[in-house]
Amino acid sequence: MAIPGAGLAARIRDKLAARRAKSIPKATADKIVDKISSTAADLNGPSPNPQTNLLIADIALRGGSLLVTRGIERGLLGAKYAPHKAKSILKGRTIGETLLHTAVARVATRSVPGAMIVAGGLLAKTLYDRRRGHAAKREGEAALHEMAKKADKPGL
């Protein structure tokens, strides 16, 4: 089995060997190569257990994704609403709405046909809302207002 970083160490050793004749002593070159080899082999993660490293990476990616998603949602709502109301709207979502959005996003990202179905559905909904014009706008505003009121109630 190949040692991770062995190719890198070999390339560095070759470069140092070419320069050794000029200015770098052999002992110094060997120390540099040994240090780089051990460092390259240790780049697998913070834990020696690969399962723990996978868990750490998964939590970091999901947490980062959640923060980015919340930032984008606040940014989209913040263009029209005050920051406090935008935060209340996002906080007032039900578990059902959150699960539905997650399921739709998962269908869209798992396959090309799923992405096409979700994109087609969103396009149809957008065209339907545009055709209805002001009525759709009022319904959406009312729904967001209810979400914000739900989040501002004490005890939530």
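This is a predicted model: local features need pLDDT of at least 70, side-chain atom pairs count only at pLDDT 80 or more; totals for chains, interfaces and linings use all residues.
## Salt bridges

Side chains of opposite charge can pair when their charged atoms come close. In this model, D58 and R62 form a salt bridge through their side chains, with an N to O distance of 2.9 Å. D58 and R62 are four residues apart in helix 3, so about one helical turn separates them. The count of salt bridges comes to six.

## Helix 4 against helix 7

Two packed helices are described by the angle between their axes and the distance between the axes. For helix 4 (residues 83–91) and helix 7 (residues 134–152), the axes come within 7 Å and cross at roughly 85°. Angles of 65 to 115 degrees count as roughly perpendicular, and helix 4 and helix 7 are therefore roughly perpendicular to each other.

Helix 4 makes the contact with H84, K85, S88, I89 and K91, while helix 7 contributes L144, H145, M147, A148, A151 and D152. Sorted by class, the contact has five nonpolar, three polar and three charged residues.

Methods: Residues are numbered from 1 along each chain as its sequence is written. Side-chain values use heavy atoms; hydrogens and water are left out. Axes are lines fitted to C-alpha atoms, for helices over the stretch in contact, and angles run from 0 to 180 degrees between N-to-C directions. Helices (H or I, at least four residues) and strands (E, at least two) are DSSP runs, numbered from the N terminus. Angles under 35 degrees count as roughly parallel, over 145 as roughly antiparallel, 65 to 115 as roughly perpendicular and the rest as oblique. Contact means heavy atoms within 4.5 Å. Ala, Val, Leu, Ile, Met, Phe, Trp, Tyr, Cys and Pro count as nonpolar, Asp, Glu, Lys and Arg as charged, and the others, Gly among them, as polar. A salt bridge is a side-chain nitrogen of Lys or Arg within 4 Å of a carboxyl oxygen of Asp or Glu.
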